Amino acid sequence: MSCCRALGLTVTLCLLTNVASAAQTPVVIARAPAASLPSADGTGLCIATKKWTGGVNSVPQTADSFASGMNAFFEASPQPQKTSVHRGLLDLSNALNDGRVLSYGDFIGAACSQSSQAGCPFVFGDSTTTFGARLRGFMRVGQSSVGHPIHFGVYADDAMSLTIFDGAGQTYAALMRPPQLGAPTWRITNAVTFPSPGLYPIEILYAQITEHAALEISTYDDTFTDFERGAGQAPVVNLQSLGFGLLDPKDLHQSEEGGPSLPDLDSCQQCAREFAGQPGTSGCSAGYHCNAAALCSACVSGVVPMPPSPTRAPSTLHPPRPPRRKRTTEVAVVGRRGERRLRGPGSPLS
Ligand SMILES: [Ca+2]
Ligand SMILES: [Ca+2]
């Protein structure tokens, strides 16, 4: 890594049921990943959370402005934000139950169930704080998941985006759901085709405005008809019932080498995107650089200890097929080459 040589030199929103469907644009990643597949498991994405103080009307509300606006919000004043590693399945919620349980999402009792059936807690657990969250890291894509569409499914309240980067730094808008007045809760799916196995940098941006807060991100590796609908718009589906599995921290890494970015597995630091992959410390501490996922990580492989988990056993790459679930929608799920292959909770993208 060249950086080491350089270092030597140097609004209340109510759910409506009549929300128009929209479609995301399928994504085909053009170039190779940022790094090859590591042997060790990942430890989860680095999540920064920050209170929005500018008034709800200033939250970026269009597809063209949401990602750039949320990133500008995080870069404008980085100190007040709280940053940590999300070690659980990617199911976040403020667990609001006001007679409705929109914050619970489609996955209930699946993640951080010791604290809530709704999912893992956001930093802000109340129902009135407007805030943003930014999750960064690398996603593991195994050999069996390349060359055909992988469907990403999201349940979100209020807004989110998922950006994937290839090894050349080109960005791909895999999912984009800006806030919409009157329609805070959404299910969105979209297809992403990866060209080769490895670690791809990803960035998830999220915005909560008020009341229910939820962010669930899952994947499904099989034929699927993508959709985007308000959560109450017919046909109402449940992504877990359809076979989607939540992103697992074992498949989410923080460095090109596959290990955590800082020695403390619960700590991490995000750096400016413009410095991603550049030589030098780029705002990180001495001995660290801003890696391809825009996280500060050690320049020298081996400085940061790998997590204690053993090398992935082959059996975890191809989990047993879960029982076939009854279809409740018009969505056709037909196995590739006649085989039905589901991603159950906890199974890797492999
Ligand atoms: Ca949930
Ligand atoms: Ca909300």
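The legends below describe close-up views of a predicted model.

Local features are described only at pLDDT of at least 70, and side-chain atom pairs only at pLDDT 80 or more, while totals for chains, interfaces and linings use all residues. Residues are numbered from 1 along each chain as its sequence is written, and chains are lettered from A and ligands numbered from 1 in the order in which they are written.

**View 1. The whole chain and its confidence.** The secondary structure comprises four helices and 17 strands. Helices (H or I, at least four residues) and strands (E, at least two) are DSSP runs, numbered from the N terminus. Of the 350 residues, 52% are buried. Buried means 20 or more other C-beta atoms within 10 Å of the residue's own; exposed means 12 or fewer; partly exposed lies in between; C-beta atoms are placed from the backbone. Mean pLDDT (the predictor's confidence in each residue, from 0 to 100) is 84, and 79% of residues reach 70 or more. Residues 4–20 have pLDDT below 50, with 38 contacts in the model beyond near neighbours in sequence. Residues 301–348 are also below 50, with 85 such contacts. A contact requires C-beta atoms, placed from the backbone, within 7 Å. Where pLDDT is low, the predicted coordinates should not be read in detail.

**View 2. The largest nonpolar core.** This core has 84 residues. A nonpolar core is a set of buried Ala, Val, Leu, Ile, Met, Phe, Trp, Tyr and Cys residues joined through C-beta atoms within 7 Å. Met-160, Val-192 and Tyr-200 have the most contacts inside it. Strand β11 (residues 198–208) gives the largest share, seven residues. Not counting residues up to four places away in sequence, Met-160 touches Val-154, Leu-175, Arg-177, Ile-204, Leu-205, Tyr-206 and Leu-215.

View 3. Helix α2 spans residues 66–76; Phe-66, Ala-67, Met-70, Asn-71, Phe-73 and Phe-74 are its buried residues. They line one face of the helix, because they fall within an arc of 155° seen down its axis. The arc is that of the directions from the helix axis to the C-beta atoms. These buried residues pack against β2 (45–51), β6 (131–141), β8 (159–165), β9 (171–177) and β11. On the other side, Ser-68, Ala-72 and Ala-76 are exposed.

**View 4. The surroundings of Cys-290.** Cys-290 lies in strand β16 (residues 288–290). Cys-290 is buried because 26 other C-beta atoms lie within 10 Å. Among the residues that Cys-290 touches, not counting those up to four places away in sequence, are Cys-271, Cys-284 and Cys-296. Its C-alpha atom is separated by 8.0 Å from that of Gln-270, 20 residues apart along the chain.

Technical notes: Two residues are in contact if their C-beta atoms, placed from the backbone, lie within 7 Å.
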